[in-house]
Amino acid sequence: MADGNVITAPGVPAAVAPPRKASTLQRVARRRSTLAFLMALPLLAVIGGLVAYPFFYAIYLSMLNKRMTSFVGIDNFSFLLTRETFQEVIWQSVLFAVGAVVAKALIGFILAHVLHALPAKGQRKWRGMLLVPWVIPPAISTLAWWWLFDPSYSAVNWLVSAVGVPPVAWLGEPSWARFSVILVNVWYGAPFFMIMYLAALKSVPDQLYEAAAIDGATGWQKLRHVTVPMMANIIAITVLFSLIVTFANFDIVRILTNGGPQDKTHIFGTYAFQVGIQSGDIPLGSAVSLFMFPILAVFAVFVLRGVTRRSKEMAG
Amino acid sequence: MSGASLPAGATATAAPSAQRKIGSIKRERRWALIGAYVALAVFVLFFLVPPFHMLMTSLKSSAEIADLSGNPWIVSAPTLENYRELLTQGNYVLHFRNSVIVTLAVVAITMVISTLAAFSLARMRFWGSATLATGVFLTYLVPETLLFIPLFQIIGGLGLYNNLLAMILIYPTLTVPFCTWIMIGYFSSIPKELDEAALIDGANHFQMLWKIFIPVALPGILAATIFAFTVSWAQFLYPMAFLVSSDQMVLTVGIVSDLIRGDTFAWGKIMAGALMAAAPPLLVYAFLMDYYIAGLTAGATKG
Amino acid sequence: MAASGIGRRAALRAGAGVFAGGALAAPMVHAQGTGGRLALGFWDHWVGAAANDAIRAVVNDWAQKNRVEVVLDFITSVGNKNLITIAAEAQARQGHDILSFPTWEIHNHHRQLEPVDDVMGRLGQKYGAVNEASEYLAKIGGKWMAVPQTVGSQFKGSAARIDLMKQHAGIDVQAMYPAENRLGPGADQWNWETFLTAAQKCKDAGFPFALPAGTFTDATDWIGAMFRSYGADLVDAKGNITIRNNDKVRQVMDYAKRLFQHIPNEMFAADDATNNRALISGRSALIFNPPSAWAVAKRDAPDVARNVWHFPSPMGPAGHPVPHLPYFYGIWSFSRNKPTAKVLLEHLSQTEQVQKLVEASSGYDIPPFASMTEEIRVWRDVEPPRGTVYNYPVRPHHKATPNVAFAPAPAEIAVQMYNQGIQAKMIARMVQNNEPIDRVLGWATQEVEGFKRG
């Protein structure tokens, strides 16, 4: 704050004096935009220095050969696309991200509604319990899940055998492993959706429901014509955010399966790690990670444009 | 925020409307409520099964955990030994302290950066500010798994490899964009008349931010703070990649690195450590949840 | 100094044994050094605190005598943290002066390592030749790029239950490989076919062999030795891919298919600890592992430990390779104190020190100099049962060879095949997905072609 005041000090008199001349106004405006720029400068520094610069550096890295001695253009990318393993990684990442996000969105939506329907008193308690998965650092809760799935000590299999079903190789069999990885991600991420939706629900004016009720709308109609349109923006943003984070997920897969069995649970992040760090091909690893970018960018632009449009409609 | 949290409005509706309709609404509500509790019970069960197992395991001795004959879901001879050992021996307390230091520093840095930036982007405008406002969110498109490789060199160049300070430097990349974005939304929702009035009263922009915007936008700021807190507390990839020495580690990697020795997992202690690690966020949410929800409401819906 | 003393005492008092290693991971700092400062990143021992304490004590003594300020971190291989650290420090050009490198990592990073020909020359004069596998991995272009290290270097022969093998498979492993310099009855028949029959019988009895087939080193190492024992190389020494049209590869794959009918499905997702847990929990009759599983069992499941015997893995039609995972000490070229680092490494490689390390690890650690295997008596004395690790190190009468998975392929290719566990994935595709062998071989060829890119 201190520096801030020093910077603004000269501006004060101008603001105090009621602006009379056009030139003063212009000066105020210019000074104002300089100040605005300065205030946004730390943000620019963080994004520029620790995201944009490394990002472009990573693009450069991805165009080097394995020993990082010569420039190979887009060879790494075209090479990856011909690999069966990498094609599977693309498919698995999509399956993982879309599967998990859809499940999280649905569960979050249901829970938010259910909570919203409760009397305020009981709501807090339930809400608190439902938030627990989101609160435990996922690196550690995933470890707990892993222990639940462990072949020798699996507590889940203990329950399963108690009902007389043969034990399941949760992480050993490709399809079960994929299921388990998504399950843990849903478990961890659904509360976030719940909270975001709950916040959105609370912002829907009650009058709208009353009006709908008087018009004789059924619950389903209310949901469809009042709730969903009112929540559209927050649903879009939450889905976008979660999709990005889920696509780029690392810790859950890494701890639970490390990509196995047979690379069948690898997603971009973990595969990039295996290729780049563990196998010592940093350029190729960077290239793997970079594949995420265009996929998500297209989706993000699409979603954000919709959000902007809707906000304008609402405002107007 | 207080007003927003009462959904009860619906029942008190409809003064002059037909009785029949009210009756059907009531019946509908009762069924909805029953359905609600059933759904809640199912999900609470799903959500709480792992934490419950963690709690049970944390109360067991190593011998009881290794014993395959018993029921893994209950504890026969509960002991607090795991908790006691964690708190009195080893580096757990140190890791906890490191996590607290990093998280507090990151939250503080994040809030300063995003409040300033959000105010400037939402209210003041400069060349390119509109692009920046949308662009902020796109930062998340660049994943950590891509960034950490180039960051090795940046961090190494700064001499911060294997140093807690590196975390304070890097984490804001994960928190600042979302927080700025929430607050841009919140600040834009504050009526324009307020700042005009302030300007006429002779306030400069910082006074305006400090005296008007921050107090009015407090729920939004709290929501952002809580978000930053959760993210910093839980971050795993960066500390895993950048920290090697146990005395520099934060909880997420410290628990794993100190309590797993080769093939020996000190499960009791890992679980005890995990539960204690979950306590600070749990407390934060328990006390500040209403603000969080209210803050998100205003901020996020305005997008 | 004082701090480190208190730390150790506290840890001993803790008695929690294995976990104290973590408690001591706080840096140990010797003040008033004149010999400079050294940061060491050593492998965090699977046998536990005793082994870590031993090397800390050795380093401690040396540091005090030479007035060097030393910071010692133990870096675990759990979750490949050691590989991450190596990659991170290579990129950051910062970190430790000396780091522990497993198997192929010297080849992977030799451009950033300081040659140690002087140290290795003097050690060679004193102790004779280093085992071939270690030389192959650490001597690059005629120059030693790292010092083969005792701590962590291991064989992954059989660690089997004496009672279960006798009862269910009819094999007396103790008689087959007695704790003396001779082979017992049946040792000449200890081949993969015998092994398969035993695997089947034990599985039927409810004690399946816990053989991992994931991407961690335990899986990679034993499967590598199995391939080698059939003479099935995926890539030859010149770098030619020899997968399709290679009868030996088909032969070993055919064998693997039969063998894995008797291995639990979840072993395809196993990490380096899954097999250990299977043995310790008493659910498995045999694993391929150094004596760390036995050491933990000794503490947690003494009845199991009393019944564990260590001996070589089976032989195949093309020889008797035993899985070997050597560790090395490399000095980063960005280190500011290379001469001191070299002095320490030479000191650590002397018999006197090696003896202490081997003892503290209950025989787990294997010195790189064959001459030391006879000189050090630890392997005779470890118990229970007495002599359990006598045949754990490869001895001359075994007529076996330490084998590094994917050798003799050129290192550039081998390191990637190794870290991505190509052979294990081939088996998994064939067994789990029922893919036809030609498709599996086609897939593997394509993968390895990818690794050949410069």
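This is a predicted model: local features need pLDDT of at least 70, side-chain atom pairs count only at pLDDT 80 or more; totals for chains, interfaces and linings use all residues.
Reader: Why is W144(C) called buried?

Author: A residue counts as buried if 20 or more other C-beta atoms lie within 10 Å of its own. W144(C) has 23 C-beta neighbours inside 10 Å, and therefore it counts as buried.

Reader: Where does W144(C) lie, and which residues does it touch?

Author: W144(C) belongs to strand 5 (residues 143–144) of chain C. Leaving aside residues up to four places away in sequence, W144(C) touches P115(C), V116(C), D117(C), M120(C), A138(C) and K139(C). H110(C) is 34 residues from W144(C) in sequence, and the two are 9.6 Å apart in space, C-alpha to C-alpha.

Reader: How do you know that strand 7 and strand 9 of chain C are paired?

Author: Pairing requires at least two bridges between two strands. Four bridges join strand 7 (residues 158–161) of chain C to strand 9 of chain C, so the two count as paired. These strands run antiparallel. Within this pair, A160(C) stands opposite W309(C), and S158(C) has F311(C) as its bridge partner.

Reader: What makes strand 8 and strand 9 of chain C edge strands?

Author: The open sheet has three strands in the order 8-7-9 (chain C), with antiparallel pairing. Strand 8 (286–288) and strand 9 (308–311) of chain C each have a single partner strand, so one side of each is left without a neighbour in the sheet. From one strand to the next, the twist averages 20°. Helix 8 (residues 162–169) of chain C packs on this sheet and touches strand 7, strand 8 and strand 9 of chain C. The direction of helix 8 of chain C makes about 70° with that of strand 7 of chain C.

Reader: What makes residues 176–199 of chain A a helical span?

Author: Residues 176–199 of chain A are 100% helix and 0% strand, with end C-alpha atoms 35 Å apart. Residues 130–149 of chain A are 90% helix and 0% strand, and their end C-alpha atoms are 22 Å apart. An unreviewed UniProt entry annotates both spans as "transmembrane region", among others in chain A.

Reader: How do you know that domain 1 and domain 2 of chain B touch?

Author: Residues are in contact if their C-beta atoms, placed from the backbone, lie within 7 Å. Four residues of domain 1 of chain B are in contact with six residues of domain 2 of chain B. The domains cover 8–58 and 90–301, respectively, and their centres, taken over C-alpha atoms, are separated by 34 Å. The side of domain 1 of chain B that touches domain 2 of chain B has two nonpolar, two polar and no charged residues.

Reader: Which residues make up the contacts of chain A with chain B and with chain C?

Author: The contact between chain B and chain A takes 92 residues from chain B and 95 residues from chain A. Helix 14 (residues 267–302) of chain B gives the most to the side of chain B that touches chain A, with 17 residues. That side has 69 nonpolar, 19 polar and four charged residues. The contact between chain C and chain A takes 32 residues from chain C and 26 residues from chain A. Elements giving two or more residues to the side of chain C include helix 4 (81–92) and helix 22 (437–451) of chain C. By class, this side of chain C has eleven nonpolar, 14 polar and seven charged residues.

How values were computed:
Residues are numbered from 1 along each chain as its sequence is written. Chains are lettered from A and ligands numbered from 1 in the order in which they are written. Axes are lines fitted to C-alpha atoms, for helices over the stretch in contact, and angles run from 0 to 180 degrees between N-to-C directions. Two residues are in contact if their C-beta atoms, placed from the backbone, lie within 7 Å. UniProt positions are given in the numbering used here, feature names are shortened, and annotations may be inferred rather than shown by experiment. Domain bounds come from an automatic or database domain assignment. Ala, Val, Leu, Ile, Met, Phe, Trp, Tyr, Cys and Pro count as nonpolar, Asp, Glu, Lys and Arg as charged, and the others, Gly among them, as polar. A residue is buried if 20 or more other C-beta atoms lie within 10 Å of its own, exposed if 12 or fewer, and partly exposed in between; C-beta atoms are placed from the backbone.
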